[in-house]
Structure formats: structure tokens, C-alpha cells
Amino acid sequence: MVSLLLPIIYLAFISLGLPDALLGSAWPVMYHGFNVPLSYAGIISMIIALGTIVSTYSVHD
């Protein structure tokens, strides 16, 4: 049971940090397609942070 659960835990841990890391590396290429300034990456980063906070507090017991 432990050998099955350990890869799932690793994948969950890695997937928590993926959106933030991908925004930093993909945005310099993507912003041309959206026709927006490079500085909009900060706004998107704040939306991701707020979404993380809201999803954390929305857990019910």
C-alpha cells in the first residue's frame, strides 16, 4: 500500500508548484498572442494566488 501511495504523494506535491513555474517561463512567449503587455503576468500571478487562498478556505469539514 505504501509503495502505491508514495508516487501519488510525489505527483500531488509537484503539481502544486507547476502553475506558478509555468507562468514564469511561458508568459514571455504567450503575451504576444494575447496582445497584452508583459507586465500583465503580475495580474495573472495575483489571480492564481487569490484562487489558491479561496480554495484553501472553501474546504468544509
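Predicted model: local features only at pLDDT ≥ 70, side-chain atom pairs only at ≥ 80, totals over all residues.
**Exercise 1.** Work out how helix 1 and helix 2 pack, and which residues meet.

*Solution.* Let's start with the geometry. Two packed helices are described by the angle between their axes and the distance between the axes. Helix 1 covers residues 2-34 and helix 2 covers residues 40-57; their axes are 11 Å apart, at an angle of about 165°. Helix 1 is therefore roughly antiparallel to helix 2, as angles over 145 degrees count as such. The crossing of the two is right-handed.

Next, look at the contact. Helix 1 brings Asp20, Leu23 and Trp27, which meet Tyr40, Ala41, Ile44, Ser45 and Ile48 of helix 2. Sorted by class, this contact has 6 nonpolar, 1 polar and 1 charged residues.

**Exercise 2.** Find the aromatic pair and classify it as stacked, tilted or edge-to-face.

*Solution.* The structure holds 1 aromatic pair. Tryptophan 27 and phenylalanine 34 have ring centres 6.1 Å apart and planes at 20°, so the pair is stacked; the cut-off for stacked is under 30 degrees. Now check each partner's surroundings. Tryptophan 27 counts as buried, at 4% relative accessibility, whereas phenylalanine 34, at 53%, counts as exposed.

**Exercise 3.** Describe the backbone and the setting of asparagine 35: what is its phi, where does it sit, and is it buried or exposed?

*Solution.* First, the general rule: most residues other than glycine have a negative phi. Asparagine 35 is not a glycine, yet its phi is positive, about 55°. Second, its place is in the loop between helix 1 and helix 2. Third, asparagine 35 has a relative accessible area of 68% and is exposed.

How values were computed
Residues numbered from 1 in each chain as written. Heavy atoms only, no water. Axes fitted to C-alpha atoms, helices over the stretch in contact; angles between N-to-C directions. Helix = DSSP H or I, 4+ residues; strand = E, 2+ residues; numbered from the N terminus. Parallel < 35°, antiparallel > 145°, perpendicular 65-115°, else oblique. Left-handed = near helix turned anticlockwise from the far one by under 90°. Contact = heavy atoms within 4.5 Å. Nonpolar A, V, L, I, M, F, W, Y, C, P; charged D, E, K, R; others polar. Phe/Tyr/Trp six-rings, centres within 6.5 Å; stacked < 30°, edge-to-face > 60°. Buried < 20%, exposed > 50% of the residue type's maximum accessible area, 1.4 Å probe, protein only.
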